[in-house]
Amino acid sequence: MSVPLKLTRRVATALLGPTALVALAGCGAQGDGRGAEAEARRTERGAPPPAPTPRVEVLPGMPPVVDPKDLYSEDRPNRLSPVVKDFPSRVYVPNTGSNTVSVIDPETYRVVETIEVGAQPQHVVPSWDLRTLWVNNNRGNTLTPIDPKTGKAGKPVPVHDPYNLYFTPDGKHAVVMASLDRQLVFRDPHSMEIRKTEPVSCYGVNHADFSIDGRYFIVSCEFSGELLKVDTLRKEVVAQRKLPLKGAMPQDVKVSPDGKTFYIADMMAHGMWVLDGDSFAEPTLLPTGKGCHGLYVSRDSKEMYVSNRGEGTVSVFDFARGEVSRKWRLPDGGSPDMGGVSADGKVLWLSGRYDSEVYAIDTRTGAQLARVKVGSGPHGLAVYPQPGRYSLGHTGVFR
């Protein structure tokens, strides 16, 4: 019995799908398929080419942005710079109450060395060129350099009130967050000699992050609940804003992968302020948890880990969805504060500010892998080395 051609086509479409049907048609009516190929070529020629991604016009002297859609593209798992690829993997923990740095081997979760430093070390900061770790001895008014290749500390460098430390994206200046002095101090990134001092009217300059083009950065003022916008090239504050919450206490700052949005952790608002950096308009609040403090981007740039120091949790923020997707709770409580992500992206390391310990957390499951006892008042720990071409400072902000 013969089957009508139309029925044959309907059956073929149902069983094989449209793509396979094109192949069948080529084998039948056209014989050698040249007609289908010609049609495909015409369709291809008629389709407009995809629009090229606009090139980012960066700060003069700054390395180019490789992927304008993801400024963290060079921070992928284990993509280590040749400068750091032979450095031993360590976790450096500044203990503000003990005036020491505890050095943890992440393979064994053991403290392998304790380094004596200056008074009240706050953060361990990778230099722009990745070759030095600077310990910010806030009350000691010094920076202690550590060679991450050998783990040995060098001679302290006199620097007044170094609460936190950043580097401009062109590598030309270190920026000392002089919290008590109420200054942003631009210094030579190697000798730390002063190049320019920018007074500020807010209290407690603290954390920062840079725009995708490096031309400005946003600074949090912890004790007056304000934000600053600073022109990188001019080294000047160009805008200032009070956060819309009485008693606001902004902390860590992190820019989104596409460079359009800044997130500012706030301990008293118990969440992140969401800010358009270009317009510097009034931000909105996104709740995460009590005592929202530190912000760390995952190695695939899809999520951000948010430490909630006041409740012993970590919120996982989904960039694409613009919301917290899940929350991890430390099984025995704690005070998760500052830290970083391992080079392979599998472990989040956070200091336990009020518990003299450090937490290692599995980034796939949120399970606690270890608690490591360290000195008193552990704060801005650095996981090192990490992927990236250069460092913008703090506990490790890499591009």
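Two strands are said to pair if DSSP finds at least two bridges between them. Helices (H or I, at least four residues) and strands (E, at least two) are DSSP runs, numbered from the N terminus. The model is a predicted one, in which local features need pLDDT of at least 70 and side-chain atom pairs count only at pLDDT 80 or more, while totals for chains, interfaces and linings use all residues. Residues are numbered from 1 along each chain as its sequence is written, and side-chain values use heavy atoms, with hydrogens and water left out.

Strands of a sheet pair through backbone hydrogen bonds, either parallel or antiparallel. Please select the strands E17, E18, E19 and E20; these 4 strands form an open sheet in that order, with antiparallel pairing. Strand E17 (250-255) and strand E20 (284-287) are the edge strands, each of which pairs on one side only. On average, neighbouring strands of this sheet are turned by 30 degrees against each other, direction ignored. For such angles, axes are lines fitted to C-alpha atoms, for helices over the stretch in contact, and angles run from 0 to 180 degrees between N-to-C directions.

Begin at E17, which is joined to E18 by 4 bridges, the two running antiparallel. Val255 has Phe262 in E18 as its bridge partner. E17 and E18 form a hairpin with 5 residues between them, and Gly259 in the turn has a positive phi of about 75 degrees.

Next, select strand E18 (residues 261-266). Are the residues of this strand mostly covered or uncovered? Strand E18 is mostly covered, for 6 of its 6 residues are buried; buried means under 20% relative accessible area, exposed over 50%, and partly exposed in between (1.4 Å probe, protein chains only). On one side lie Thr261, Tyr263 and Ala265, and on the other Phe262, Ile264 and Asp266.

E18 pairs with E19 in the antiparallel sense over 6 bridges, and Thr261 has Asp276 in E19 as its bridge partner. In the hairpin of E18 and E19, with 4 residues between the strands, His270 takes a positive phi near 60 degrees. Strand E19 (residues 271-276) is in turn joined to E20 by 4 bridges, and the two run antiparallel. Select Trp273 there to see Leu285 of E20 standing opposite.

Now select strand E22 (residues 303-308), which pairs with E23 in the antiparallel sense over 6 bridges. Ser307 stands opposite Val314 in E23. The two strands form a hairpin with 4 residues between them, and Gly312 in the turn has a positive phi of about 70 degrees.

In strand E23 (residues 313-318), 6 of the 6 residues are buried. Thr313, Ser315 and Phe317 cover one side, and Val314, Val316 and Asp318 are on the other. E23 also pairs with strand E24 (residues 323-329), again antiparallel and over 6 bridges. Val316 stands opposite Arg326 in E24.

Which residues does the disulfide join? Select Cys202 and Cys221, which are joined with an S to S distance of 2.1 Å; a disulfide is a pair of cysteine sulfur atoms within 2.5 Å. Cys202 lies in the loop between strand E12 (194-199) and strand E13 (205-210) and Cys221 in strand E14 (residues 216-221), so the pair ties together parts that are 19 residues apart in sequence. The torsion about the S-S bond is about -50 degrees, so this disulfide is left-handed.

**Last stop: the cavities**

The structure holds 2 cavities of 30 Å³ or more. On a 1 Å grid over the protein atoms alone, a cavity is a set of points where a 1.4 Å probe fits but cannot get out, and lining residues have an atom within 4 Å of a point. Grid points are joined across faces, edges and corners, and a volume is the space filled by probe spheres set on the points.

About 210 Å³ of space lies in the largest cavity. Of its 18 lining residues, select Asp75, Val297, Arg299, Gln386 and Gly396, which lie nearest its centre. Strand E21 gives the most to this lining, with 3 residues. Finally, the second largest cavity holds about 50 Å³ of space; its lining includes Met62, Ile212 and Tyr390.

Technical notes
On a 1 Å grid over the protein atoms alone, a cavity is a set of points where a 1.4 Å probe fits but cannot get out, and a pocket is an open set with protein on both sides within 12 Å along at least five of seven lines; lining residues have an atom within 4 Å of a point.
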